[in-house]
Amino acid sequence: MSSFENPSPYDVVVIGGGPAGSTAAGWLAAQGHRVVVLERERFPRFHIGESLLPGCHRAFEALGLTARLEAEGLPIKRGAILSSPDGAASSFADFGSLPKRYRRETFQVDRSRFDQILLDRAAELGAEVRMPARALAVHFVAGGVDLEIQQDGTTTVLHAKALIDASGRDGFLAKRLELREVDLNLRRIALHAWFENVAAPPSGHEGDLRLISLYERGWSWLIPLPGGLTSVGVVVPVETYRRLAAAGTEFAFDQLLASVPALAACLEPARRVTAVRIDADYSYRTRAYAGDRWAVTGDAGSFLDPIFSTGVLLALDSGLDAAKALHQGLRRGSLRRPLARYARRQRRSYSLFRRFVQAFYGDGMRDLLLHDGNPLGLRTAVTTILAGETRPSLATRLRLQVFFAIARFQARHELVPRRHRPPVDEAKAA
């Protein structure tokens, strides 16, 4: 069965009710626009990406959510502890060292609860939420967009003036317009699960993220969650995983955890309480973030390796920015220029964080991150980006150029101690 809905159009239809879609829909609805959100799953549902950045509060404040999240009693994240594979060296990316204009702390979240709060807020602000509802096809027509959807076994056509694709990795619009490009330089696999009774972090760092680098161009995480649980994950090159995968995903996960001395020590008293989940070949980008009457946001556009916890940040920021661009365009009667500006900002944000991610997999940058000290304010500049600054000042950008140059030099010449050479197996050496 197929039918057209009420001929009175929506201003904006949003595909996806995750952080990007909820943020865009909620903000637009608060400005008086008629917005509908289509979410194919039924919330609450599991999602990876539990560690937030202080930059996320830009969206929380715009949606009036800060006090509600503070009332949730979430673990407070004030920075990240970075450790070498053997635990012999560590440093702290301290958000408290940021200039006063920056938020200096944030939250660790259970995404099933966090995403529900965001979607509920969008509805409170006036967005219509349809769940579960699946987008089937899109047609750009005179005066707007026709979107075929399926809900309760019925196919319906919605009409709107503009479309936001916030469909996550499914990439509803990006795939149909052939915009997606896999990032072949970041081909990695993440395996993760939740544990209980993980060894506690140092006193004063109970809510902080712990990142432990691996010898083999990878890293692992420990994220404290509400209720005393800990999200534990390991990220490795595809080839590393394949060497272990023949014996099964759980075997591969256990072997990888055991191969990192500092991580194995944290997990010695722990017990896994969920199945092992896997995310493979997840880094990709889009050739365009916006076009005629449409914008892609969050993971629907691009996704980076999660090393610096940028996923939710970029989703929230892009959702808010897309909403503001559409609001401006709808008010002025032309979407072209606002959406073009939105696309440029998204490209810059993606490129900024991608440079950090790619550099991290060189030993030079990882060695530098483990070395204390703040010469020329370089560490502060790096921490500013790691806290979620997407539009750094000229002074910060210049300091980052110096930092990356030193990291390249460290890869060839030992300025600071090298921490990522695997220990020599004396038996094999003999």
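Contact here means heavy atoms within 4.5 Å. The model shown in every view is predicted.

**View 1. Helix H6 has a buried side and an exposed side.**
Helix H6 spans residues 238-245. Val238, Thr240 and Tyr241 of this helix are buried. These three residues sit on the same side of H6, because they cover an arc of only 160 degrees around its axis. Arg242 and Arg243 lie on the other side of H6 and are exposed.

**View 2. Trp194 is a buried residue of strand E13.**
Strand E13 covers residues 188-196, and Trp194 lies in this strand. Its relative accessibility is 14%. Buried means under 20%, so Trp194 counts as buried. Leaving aside residues up to four places away in sequence, Trp194 touches Phe46, Glu50 and Asp110, among others. Its contacts also include Leu225, Leu229, Thr230 and Ser231. Further contacts of Trp194 include Arg271, Arg272, Val273 and Thr274. Val276 is 82 residues from Trp194 in sequence. In space, the C-alpha atoms of Trp194 and Val276 are 8.3 Å apart.

**View 3. Asn185 sits in the loop between strands E12 and E13.**
Strand E12 (180-182) lies on one side of this loop and strand E13 (188-196) on the other. Asn185 touches Arg354 and Gln358, with residues up to four places away in sequence not counted. Arg42 is 143 residues from Asn185 along the chain. The C-alpha atoms of Asn185 and Arg42 are separated by 34 Å.

**View 4. Helix H1 packs with helix H4.**
H1 covers residues 19-30, and H4 covers residues 111-124. Their axes are 8 Å apart and meet at an angle of about 20 degrees. Angles under 35 degrees count as roughly parallel, so H1 is roughly parallel to H4. The crossing of H1 past H4 is left-handed. H1 contributes Pro19, Ser22, Ala25 and Gly26 to the contact. H4 contributes Arg111, Phe114, Asp115, Leu118, Leu119 and Ala122. By class, the contact has 6 nonpolar, 2 polar and 2 charged residues.

Note on methods:
Residues numbered from 1 in each chain as written. Predicted model: local features only at pLDDT ≥ 70, side-chain atom pairs only at ≥ 80, totals over all residues. Heavy atoms only, no water. Axes fitted to C-alpha atoms, helices over the stretch in contact; angles between N-to-C directions. Helix = DSSP H or I, 4+ residues; strand = E, 2+ residues; numbered from the N terminus. Parallel < 35°, antiparallel > 145°, perpendicular 65-115°, else oblique. Left-handed = near helix turned anticlockwise from the far one by under 90°. Nonpolar A, V, L, I, M, F, W, Y, C, P; charged D, E, K, R; others polar. Buried < 20%, exposed > 50% of the residue type's maximum accessible area, 1.4 Å probe, protein only. Arc of directions from axis to C-beta.
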